[in-house]
Amino acid sequence: MGDINARSQSTISTVSNASSTTVSPITAIAYARQAEKLSQDLSREDVGGGTAVEAQYITPQDPVIVTAGGGRLPGVPLTEASKLNSLKADIEGKSSPSVETEAAIELERLDQIQANSQDGARPAEPSLRRAMPPARTNPLFPPLPLYGPSSLTRDLQCVIFRVSSFFLSLAFLGIIVLGSTFTSIPLMFNHIWLRLTFRDPDERRPFFEEEKKLKQSRKNEQRSWKRQNWRRMSQTDDKESEAGSEYVPSEGGPDPLVCDAGYYARRVGLDIEEFKVQTEDGFIITLWHVYNPLEFTPLTDEERAARGPNLFTGADRSRPAIDGQKPKFPILMIHGLLQSSGAYCSNDDASLAFYLCKSGYDVWLGNNRCGFKPEHTLLSYSDPRMWAWNIRQMGVMDLPALISRVLSETSFERLGLIAHSQGTTQTFVALAKEQRPDLGEKLTVFCALAPAAYAGPLIGKAYFKFMRIISPALFRIIFGIHAFIPFMMTMHSVLPGRLYGAMGYRVFSFLFNWSDARWDRGLRDRMFQFAPVYVSAESMRWWLGRECFAKQRCILATREEGHAEDEEDAMEDYYNQASPRPSNSRRGSTCEQKSRRKDDVPKPKHEKKLKGSTAWYNSQVPPFALWVAGNDELVDGRKLMRRFKRGREPYVKVVHSKVIEEYEHLDVIWAMDSIEKVGSEVKEVLWKTCDVRDKVRVPSGCEEIEPWIDETLGKEENIGEVEEEQSSSSEERLR
């Protein structure tokens, strides 16, 4: 007990010095124990700086722990955060007397745990089994587990989870690899048969001729690069040939297939500098800036380092403005699931990031937490708290941190946001009125490529169904409580690039049912050098687990609410179908036909709701632009478009929407005609929604683009009042 009292004195000293209120011993010890439960690692001697002091709420559902040394620890359950703050407030004399009663009850419970512990020096840690969320949790965002600081029991259980998940997840991955191999056998035999009959298997590809030309062009560029290198070595390089070029490549030759976006930027005359960004819960994530070396000078490592967890502080930009030139408008690009932002950099000049940069935008590429190198200010890779996060933390923590740093570096108040797949999901979640709706005021437009808000038919495949039916406890036994199948990253670092690229394509094609028919096959192996990355098992459980996205089939609505929307749509379609049409026949005949049509169409049962009563967003939401892949089986972009068109989101302004019927999920960024069908339109949408057109450079090809005018401006203020009046009148009718 003496050890606990000593910790109590050291812990409460940081919060009691400013208060002259007499602190109850019961409350002090309870606060110390609660702080110990949420601290970094009490087994270390330098624990003082890692001791939990208070919980800071980023959103009403996302508290993070602030330590005595000013560090941040990832979120904890709301009840634990509330208890810590209540006890801290009681010590400072700001809480109600009822808190001490609760503290006494908690203290009694902790004393009982200590009495039952075999180690008398410190209280026993709750087991990981007890830390797990219950099997039945919040249908949209289940609570994350609470692991607490390191202890012998916790560390031993972590080892057990890591060992079990290593073998079981490896077996699961092996089944997937075998499945992809077996499904490739018919394709292989067909390929061999076509070769034996003197036919080219690639002739049926939609861009066969273009691929041949690009392949020959790359060979010519490799030969040209070798000649230039020989001239440089011979000191006979003719620099006049490069004098008039705006983008001079500094890399070339055969593609070594490396996981380095900067290398591929240098092959097209650009370059990339990497920034470190700290999130509000202590993760260190990477931000890549794409720039023209002839215009910018890269910053020092110190200038590109993380600045701390505070966001939107208005800090001065690190790089001085260029004299005599207007700045470029900043845009931020976010990647999809199991990818990095290198996915935007793998198609040479047809890469979306490089295309937008050369068009005249200031391009920034954001990478979510962990990525290729998991980093945290206080936690290590082996700590399970390092991996206790899902899509909501990526949305409300990572995305704001990236936006804040870009705005700080560029001195702009808003930027344009582009996201693909999971990147659209975390943005849709972050902008929701229950999460961080104020983030919408930092964006001029949100361009969603293959928007992932509703699940597609692929979610019903057997292996996805298996992950959906197993319990959360069994999910953790199979896939662990750390990174999701980290063996994939080991393979990435060991296998040759060409073999890894081929295997990566086959496995992901088998899993997600897409093909490379519209890609430049000569660059396909390069595309898979930037995937997969480290993601948490908790994040994959959110996507595929029992009660999250896979079951609800939506990111911000339950399955029941989705069914209600479908019934409402069916009702609206029914009345539209049954409405009378002009006819040259007699009135009686028309009425008879109308009646017959109504009888033929089954009338759905549905109780009509008020317009916007189930809206996800409020007036702070930015304009949306959507590019939907019509042949996408992974997500259902059409249903999201229908939600906007039917008026369920009265505050959302859709400035552009397009369904590309022949496209699959990845074609929006990798198809050979993606610049024509997506990239050029993204460039124009970014410019027409830009709010500082007179202060920035005009992107090439956008000189004739008129600014977008919000026609709903002035009407939004009345939406809430109208809905409130409708609600009141409905209640009166019910009475």
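A: A contact here means heavy atoms within 4.5 Å. In this predicted model, 75% of the protein chain's contacts with a separation of 6 or more are between residues 24 or more positions apart.

Q: How many helices and strands does the protein chain have?
A: The secondary structure comprises 25 helices and eleven strands.

Q: What share of the residues in the protein chain is buried?
A: Buried denotes under 20% relative accessible area. Of the 735 residues in the protein chain, 53% are buried. As for the surface, the protein chain exposes about 34,100 Å², and carbon and sulfur atoms supply 53% of that area.

Q: Is His289 buried or exposed?
A: His289 counts as buried because its relative accessibility is 0%. His289 lies in strand E5, which spans residues 284–291.

Q: Which side chains make polar contacts with the side chain of His289?
A: A polar contact requires a pair of N or O atoms within 3.5 Å. The side chain of His289 has such a contact with the side chain of Glu273 at 2.8 Å, and another with the side chain of Asp362 at 2.6 Å.

Q: How many disulfides are found in the whole structure?
A: A disulfide needs two cysteine sulfur atoms within 2.5 Å. The search of the whole structure finds zero.

Methods: Residues are numbered from 1 along each chain as its sequence is written. This is a predicted model: local features need pLDDT of at least 70, side-chain atom pairs count only at pLDDT 80 or more; totals for chains, interfaces and linings use all residues. Side-chain values use heavy atoms; hydrogens and water are left out. Helices (H or I, at least four residues) and strands (E, at least two) are DSSP runs, numbered from the N terminus. Buried means under 20% relative accessible area, exposed over 50%, partly exposed in between (1.4 Å probe, protein chains only). A polar contact is a pair of N or O atoms within 3.5 Å; within protein, one must be able to donate a hydrogen and the other to accept it, and residues adjacent in sequence count only if both atoms are side-chain atoms. Accessible areas come from the Shrake-Rupley method with a 1.4 Å probe; for residues, only the protein chains shown count as cover.
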